[in-house]
Each structure stands twice: as C-alpha cells, then as structure tokens.
Amino acid sequence: MSFPPAIRRKFWGHDFSSPVMLASGTAGFGEELLDLKCLSGVGAVVSKAVTLKPREGNLPPRLLETPFGLLNSIGLANPGVHHVLNCILPAAAALPCPFLINVAGESVDEFADVVNILEDSSVHIGYEINVSCPNVAEGGTAFGVDPEVVLRVAQGVSRVTDRPFSVKLTPNGGDIVQSAEAAVEGGASAVTVCNTFLGMHIDWKTGKSVIRRKVAGYTSPALLPLVVAKVWQVSNAVSVPVISSGGVSRGEDVLQLLAAGAQMVQVGTRLMRRPFAASELMDEMKKLTGE
Ligand SMILES: Cc1cc2nc3c(=O)[nH]c(=O)nc-3n(C[C@H](O)[C@H](O)[C@H](O)COP(=O)(O)O)c2cc1C
C-alpha cells in the first residue's frame with residue numbers, strides 16, 4: 001500500500017469514487033436519503049438488517065445519547081425478507097451507488113435462508129452478514145464469538161449465492177482475528193470490522209438499566225482508536241478486503257482507517273446529526289490529500 005492512501009477504491013471488482021459506505025441501520029434502505037438528496041459522496045449504502053420473519057424490535061427507549069456516544073437497542077426491527085424483496089428493493093434500484101444487504105439471523109441456517117430468498121433481486125451487489133446477533137438456537141451467545149460457528153454461517157451463505165459477501169464481526173468477546181479467518185475459510189469475500197461495542201447506562205437512583213435489554217450497542221468517535229487497532233490486526237491476518245465500521249467523524253478518520261488496512265470505511269452514528277456526512281468527509285479528504 002502507498003501512503004497517503006488513495007481515496008478512489010477498487011472493491012469487489014467495482015470502481016468506487018468514494019471509500020465511504022453508509023453503515024447498516026443508520027441509513028434505512030437508502031430511500032429516505034435518496035429523497036433528501038444527500039447521497040453525494042456515498043460509495044455504497046448498506047441496508048438495515050433483514051431477517052427471515054418481520055421483527056418489531058425492542059421496546060423503547062431504543063436510543064440513548066450519552067456525553068461521549070450513542071447507545072442503541074433497536075433489536076433488528078425490520079419488515080422481514082419477503083416484504084423487503086417485494087416492496088423495498090425495487091425502490092432501492094434508484095440509488096445512485098452500489099447497495100449491500102445486511103442479513104441477520106437467529107440460527108446458522110437462517111442466514112443462508114434469507115440470502116437464498118434475496119437472490120431473486122438484482123438490485124444489490126452483495127451482502128453483509130451480521131454475525132453479531134445472538135444465536136438463539138444455540139443458547140444466545142453472539143455467533144461471531146465462536147470461529148467454528150462463523151465458519152458454518154459463511155459456508156451456508158457461500159452455498160446459496162455467487163455474489164460477494166462480507167461477514168460483520170463482533171468486538172465483544174472471542175478473538176476477532178480467528179473469527180475473520182474462519183469467515184474467509186467459509187468463503188467470505190470481505191470482513192467488516194466491527195459491529196457495536198457493548199455498553200450500558202444505569203440510572204444510579206434506581207440501579208436499573210435505562211435500556212430494557214440492559215446492555216446496548218455503543219458507538220462514538222471515541223471508538224476510533226479501538227477500531228483502528230482491530231482493522232490493523234485483521235487486515236494483517238486475512239487476504240480479503242477489510243471494511244471498517246465505527247468511530248468516523250472526520251475525513252482524517254477515514255484516511256487513518258484506510259492507512260490501517262481498510263479497503264472501504266463505514267460511517268454510521270455521524271449521519272444522525274449530519275445526513276450529508278459522506279459529502280463532508282469527501283471534501284475534507286480531498287483537501288487533506290489533494291486528490
Ligand atoms: C441506530 C443503529 C442501528 C444499527 N443497526 C444495525 C444493523 O441492523 N445491523 C448491523 O450490522 N449493524 C447495525 N448498527 C451498527 C452500525 O452499522 C455500525 O457498525 C456502527 O454504528 C459503528 O459505526 P459508527 O461509529 O460510525 O456509528 C447500528 C447502529 C446504530 C447506531
């Protein structure tokens with residue numbers, strides 16, 4: 001790799017003028033952003049997680065802002081794969097950039113089942129497989145902490161699609177490098193490093209967690225050094241591209257993650273305050289690098 005890293009990227013055989021991807025769960029299915037005309041500077045959109053059956057998600061509060069970051073407990077709310085296929089994906093065809101579908105499941109087989117159904121659409125270039133959710137069939141621990149389970153999920157997905165897919169790994173427990181290696185062995189064409197970090201907010205007056213599910217996913221610009229370290233570790237260990245996810249609020253953060261070994265860089269929480277974040281990040285990067 002040459003430094004400073006190039007802003008233009010080749011990823012999964014496509015030319016990307018921007019390395020910035022909108023992270024799953026922070027951009028819906030892209031349609032609202034299309035309406036708001038704020039997709040300038042976006043390299044790709046990753047959809048909200050899609051599961052086999054519709055999910056209502058968790059009871060509120062689902063979001064809690066803390067002094068230094070955001071806690072979320074959405075619970076994978078989504079209308080289910082059949083509704084997504086028939087009613088949402090046709091509209092996503094209007095997106096001006098490549099589209100990836102984030103897939104979640106409660107059992108090893110559910111990931112492949114969802115992907116199999118989505119294969120009827122030609123709108124998306126590939127998938128992001130979210131193995132950070134609890135494996136309900138095998139006791140509730142996140143899939144991603146067990147490399148053997150990550151391998152089985154990736155193998156299952158490989159069997160039903162020829163499209164590229166990235167496995168989105170968890171930073172919460174297990175060895176992320178071993179899980180990344182298992183994903184690649186199972187046929188993954190990239191790994192996303194990483195999903196949200198477990199966080200909690202306790203009301204000291206009652207001793208109770210403000211979020212009903214007790215622990216939630218924490219995202220924040222303060223995560224940047226943690227994500228840089230994980231991207232650096234994983235990209236030195238695997239042969240497939242690494243997509244970073246977490247901690248981006250400035251153009252220089254994107255450049256740092258590219259320098260750490262990421263091929264593409266996701267931005268999520270930043271979009272809640274700055275829906276035009278991708279365009280702003282691109283402007284900042286171009287100024288910094290002169291590209
Ligand atoms: C409100 C919200 C919803 C999210 N939903 C999903 C999801 O459905 N699937 C998933 O893989 N990640 C989900 N994430 C995690 C993001 O995709 C991303 O990995 C994370 O926010 C880290 O990036 P950031 O620091 O730029 O926000 C969600 C994050 C937030 C804040």
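I take rings of Phe, Tyr and Trp, the last by its six-membered ring, to pair if their centres lie within 6.5 Å. The model I am working on is predicted, and I keep that in mind throughout.

Entry, aromatic rings. I looked up the aromatic pairs and found that the structure holds 3 of them. One of these joins F11 and W12, with 4.5 Å centre to centre and 20 degrees between the planes; I note the pair as stacked, because planes under 30 degrees apart count as such.

Entry, a charge over a ring. I checked W204 and noted that K205 lies over the face of its ring, at 5.3 Å from the ring centre.

Entry, the sheet. I traced an open sheet of 4 strands, which runs in the order β5-β6-β14-β11 with antiparallel pairing. At its edges I find β5 (63-66) and β11 (197-199), each with a single partner strand, so one side of each has no neighbour in the sheet. Neighbouring strands of this sheet are turned against each other by 35 degrees on average, direction ignored.

I looked at how β11 meets β14 (residues 216-219) and noted antiparallel pairing over 3 bridges; for F197, I recorded Y218 in β14 as the bridge partner.

Technical notes
Residues numbered from 1 in each chain as written. Predicted model: local features only at pLDDT ≥ 70, side-chain atom pairs only at ≥ 80, totals over all residues. Heavy atoms only, no water. Phe/Tyr/Trp six-rings, centres within 6.5 Å; stacked < 30°, edge-to-face > 60°. Lys NZ or Arg CZ within 6 Å of the ring centre and 35° of its normal. Pairing = 2+ DSSP bridges. Helix = DSSP H or I, 4+ residues; strand = E, 2+ residues; numbered from the N terminus. Axes fitted to C-alpha atoms, helices over the stretch in contact; angles between N-to-C directions.
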